[in-house]
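Good morning, everyone. Please have a look at the model on the screen before I start.

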Amino acid sequence: MSSEMPSENLMATKVTDVGGTVKCNIDPIENQMSALEKMENIETMSKRQRKKLMKQKQWEEQRDLRKQKRKEKRLKRKLERQSQVELSNEGSVRKRIRRSIVPSTLRLIIDCSFDNLMELKDVKKLHKQIQRCYAENRKALHPVQFYLTSHGGQLMDNMNESDKGWINWKDINIKSEHFTELMKKEDLVYLTSDSPEVLNELDESKAYIIGGLVDHNHHKGITYQRAQEQGISHAQLPLGIFVKMNSRKVLAVNHVFEIILAYLEKKDWEEAFFTVLPQRKGAKPLNETTDTSTCKPQELETGSR
């Protein structure tokens, strides 16, 4: 008995219907043979062809995965668009807040006429303090009319070298002239810790002067002396009335500037001082200390000399 499969089993059988039309019925064995042929074809394929076939197979198997990734990508883009809209809305709110800012008519001057009394390293410190003043004034609720006077010398050279953009600064008046050439003497008040006068209120019609000097107390009393020589009013901030400090301290130019800005906003000296004064200076509210006898107003510095 032959083991070979009958040839009639390998062929499609023809069936004639009533109308005489010939139809072909494919034997299921043909599908099995097709699969066998594919297996034989794979074995006879080159390595490159097999690799290509495998890639195609993987592509078909990963169809659902690709669909899921596309869905996730669309969702991510949607969330990003929503986030951008929210940021844009926040920016609009900030702009509206910015438009509600009310500039003060108070003039605040940094007197840069002490240039020849400083070493270059101290001039650089003064430059950084001025940069801080400029930045704080730009974002203040009640920005002041900001002036730099007697601008030149080492300070200008250092600004030209390390901060060339200063010539484009906005909302600041940078003048080479002395402040007495720019404003009426009766409007001027020099802020100096050596003054016997204590400043209880700010008069926004006045121009207050901060000495632009970083000298580590080498020229003690010079700002008070200058005020007297020029015949202008002077006063010290009421620091000693509200604050107990560890020792005699000279506040940096930017600290005095920021205290003025804080007072214009809060209308409270104590709150203004403790908003600005750095913790390293050991400042404490005077009413929380046990020994107040050593804390007289004139014993506490309220401005850079």
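First, the ground rules. This is a predicted model, where local features need pLDDT of at least 70, side-chain atom pairs count only at pLDDT 80 or more, and totals for chains, interfaces and linings use all residues. Residues are numbered from 1 along each chain as its sequence is written, and side-chain values use heavy atoms, with hydrogens and water left out.

Now the whole chain. The protein chain has ten helices and ten strands. Both are DSSP runs, numbered from the N terminus: helices are H or I with at least four residues, strands are E with at least two. Of its 305 residues, 36% count as buried. Buried means under 20% relative accessible area, exposed means over 50%, and partly exposed lies in between, with a 1.4 Å probe and protein chains only. The chain exposes about 19,900 Å², and carbon and sulfur atoms supply 49% of that. Those areas come from the Shrake-Rupley method with a 1.4 Å probe; for residues, only the protein chains shown count as cover. Next, contacts, meaning heavy atoms within 4.5 Å. Take those between residues at least 6 apart in sequence: 77% join residues at least 24 apart.

On to the helices. Start with helix 4, residues 120-139. Helix 4 packs on helix 9 at an angle of about 15 degrees, with the axes 8 Å apart. Axes are lines fitted to C-alpha atoms, for helices over the stretch in contact, and angles run from 0 to 180 degrees between N-to-C directions. So helix 4 is roughly parallel to helix 9. The cut-offs: under 35 degrees is roughly parallel, over 145 roughly antiparallel, 65 to 115 roughly perpendicular, and the rest oblique. On the helix 4 side, the contact includes Leu-126, Arg-132 and Glu-136. On the helix 9 side, Phe-257, Glu-258 and Leu-261 are among the residues involved.

Look at Glu-136 in helix 4. Is Glu-136 buried or exposed? Glu-136 is buried, because its relative accessible area is 17%. Leaving aside residues up to four places away in sequence, Glu-136 touches Glu-258 and Leu-261.

Helix 9, residues 253-266, also packs with helix 10. Here the angle is about 135 degrees, and the axes are 8 Å apart. That makes helix 9 oblique to helix 10.

Phe-274 sits in helix 10, residues 269-276. Phe-274 counts as partly exposed because its relative accessible area is 30%. Phe-274 and Val-243 are 31 residues apart in sequence, yet 8.5 Å apart in space, C-alpha to C-alpha.

Now the loops. Most residues other than glycine have a negative phi. Lys-267, in the loop between helix 9 and helix 10, has a positive phi near 55 degrees. Lys-267 is exposed, at 52% relative accessible area. Asp-171 also has a positive phi, about 55 degrees. Asp-171 lies in the loop between helix 5 and strand 5, and is exposed at 55%.

Last stop: Asp-215. An unreviewed UniProt entry annotates Asp-215 as "active site"; such annotations may be inferred rather than shown by experiment. Where is Asp-215? In the loop between strand 7 and helix 7. Asp-215 counts as buried because its relative accessibility is 5%.
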